[in-house]
Amino acid sequence: MVTKGEVYRHFKGGVYGVVEVATDHDSKELCVVYRKLETSECYVRRMCDFESKAIGGVQRFTLIDKVDIKN
């Protein structure tokens, strides 16, 4: 399971830090709030999508490291 502070590489090459794991208010699904380390842009994706495989069967995000991600 994805946890706050972990760093992932996207299959297209970007590096992202997990800022928080949150719950969607309406669906109650777990979501990952993550930040692109190069630009500080923030994104939200459902946990099941974050952990899924992309087209071609490659892992969408691969764990690289666990660091202290500043909010």
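**A first look at the fold and its core**

Colleague: Which residues does F50 contact, leaving aside its neighbours within four places in sequence?

Modeller: This is a predicted model, where local features need pLDDT of at least 70, side-chain atom pairs count only at pLDDT 80 or more, and totals for chains, interfaces and linings use all residues. Residues are numbered from 1 along each chain as its sequence is written, and side-chain values use heavy atoms, without hydrogens and water. Contact means heavy atoms within 4.5 Å. On that basis F50 touches V2, Y8, V18, V32, Y34, R45, R60 and F61.

Colleague: Which residues make up the largest nonpolar core?

Modeller: Such a core is a set of buried Ala, Val, Leu, Ile, Met, Phe, Trp, Tyr and Cys residues joined through side-chain atoms within 4.5 Å. Buried means under 20% relative accessible area (1.4 Å probe, protein chains only). The nine members are V2, Y8, Y16, V18, V32, Y34, M47, F50 and F61.

Colleague: Which elements each supply at least two residues of this core?

Modeller: Elements are DSSP runs numbered from the N terminus: helices are H or I of at least four residues, strands E of at least two. Those supplying at least two core residues each are β2 (15-23), β3 (30-36) and α1 (47-50).

Colleague: What pattern does the protein chain follow along the sequence?

Modeller: The chain has one helix and five strands. Read in order, the pattern is β-β-β-β-α-β.

Colleague: What percentage of the 71 residues count as buried?

Modeller: The C-alpha trace spans about 30 × 30 × 20 Å along its principal axes. Of the 71 residues, the buried share is 32%.

Conventions. Buried < 20%, exposed > 50% of the residue type's maximum accessible area, 1.4 Å probe, protein only.
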